[in-house]
Amino acid sequence: LRSLRTSLHFAMMDADNNILMVTGPSPGVGKSFVSANLGLVLSQTGQRVLVVDADMRKGHLHRYFNHDNTVGLSAYLSGQVAWEDIIHSFGTENLDFISRGKAPPNPSELLMHERFKSLMQNLSENYDLVLIDTPPILAVTDAAIVGQLAGSSLLVARFGVNSVKEVDAALTRFAQNNVEIKGAILNCMERRAT
């Protein structure tokens, strides 16, 4: 994660903004694990970091932050609360997070709403880095929507789980939506004797 932090620093230098999307082709590849831990490692450099769980269907990022899931992104996007009310502190300096909130019936439509765009602008101005954990691109369109607002995007694939065909299909889906993937993380790599 520390070497990823260094690579990320250079990858984001030419980005349009300080929003980083972390996505994957399929569920269970470790996107949330990478997002939570990368957020922590980045905050240790003195940067103000916010981790956002944008998987309003099945997101579980709040568990990494030992917090409940009652008031989160879905509550703000559906107009129930102000954006400041959904930001939770983790107890570690420079690291905050936004949980997904209660599962809404229309996550994709909420992400396409102007409120999401304005939220991203506000967060981008208030943090050094906004890290967004999304649902898998091959399951739903949410990551393609979020990717439109992210200056940089990373794809997490899992060793022994995601085939080359799946990764290629994910990259094609992003390309069709004009979302550039800056790099990939191969998670849970197993060393095998040759």
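How do the residues of the lining of the largest pocket divide into nonpolar, polar and charged?

View 1. The lining divides into 8 nonpolar, 6 polar and 6 charged residues, where Ala, Val, Leu, Ile, Met, Phe, Trp, Tyr, Cys and Pro count as nonpolar, Asp, Glu, Lys and Arg as charged, and the others, Gly among them, as polar. Helix 2 (residues 31-43) contributes the largest share of the lining, 3 residues; helices (H or I, at least four residues) and strands (E, at least two) are DSSP runs numbered from the N terminus.

Because the model is predicted, local features need pLDDT of at least 70 and side-chain atom pairs count only at pLDDT 80 or more, whereas totals for chains, interfaces and linings use all residues. Residues are numbered from 1 along each chain as its sequence is written, and side-chain values use heavy atoms, with hydrogens and water left out.

**View 2. Thr 23 and Thr 134, 111 residues apart along the chain.** Thr 23 belongs to strand 1 (residues 19-23), while Thr 134 sits in the loop between strand 5 (129-133) and helix 7 (142-147), and their C-alpha atoms are separated by 5.4 Å. Thr 134 is buried at a relative accessible area of 0%, as is Thr 23 at 0% (buried means under 20%, exposed over 50%, partly exposed in between, with a 1.4 Å probe and protein chains only). Beyond four places in sequence, the contacts of Thr 134 (heavy atoms within 4.5 Å) include Lys 31, Asp 55 and Ala 143, and those of Thr 23 include Lys 31, Ala 143 and Phe 174.

**View 3. The salt bridge between Asp 142 and Arg 57.** The closest N and O atoms of this pair are 2.5 Å apart, a salt bridge being a side-chain nitrogen of Lys or Arg within 4 Å of a carboxyl oxygen of Asp or Glu. Asp 142 in helix 7 is linked to Arg 57 in the loop between strand 2 and helix 3 (61-64), 85 residues apart. Asp 142 is buried, with a relative accessible area of 0%, whereas Arg 57, at 34%, counts as partly exposed.
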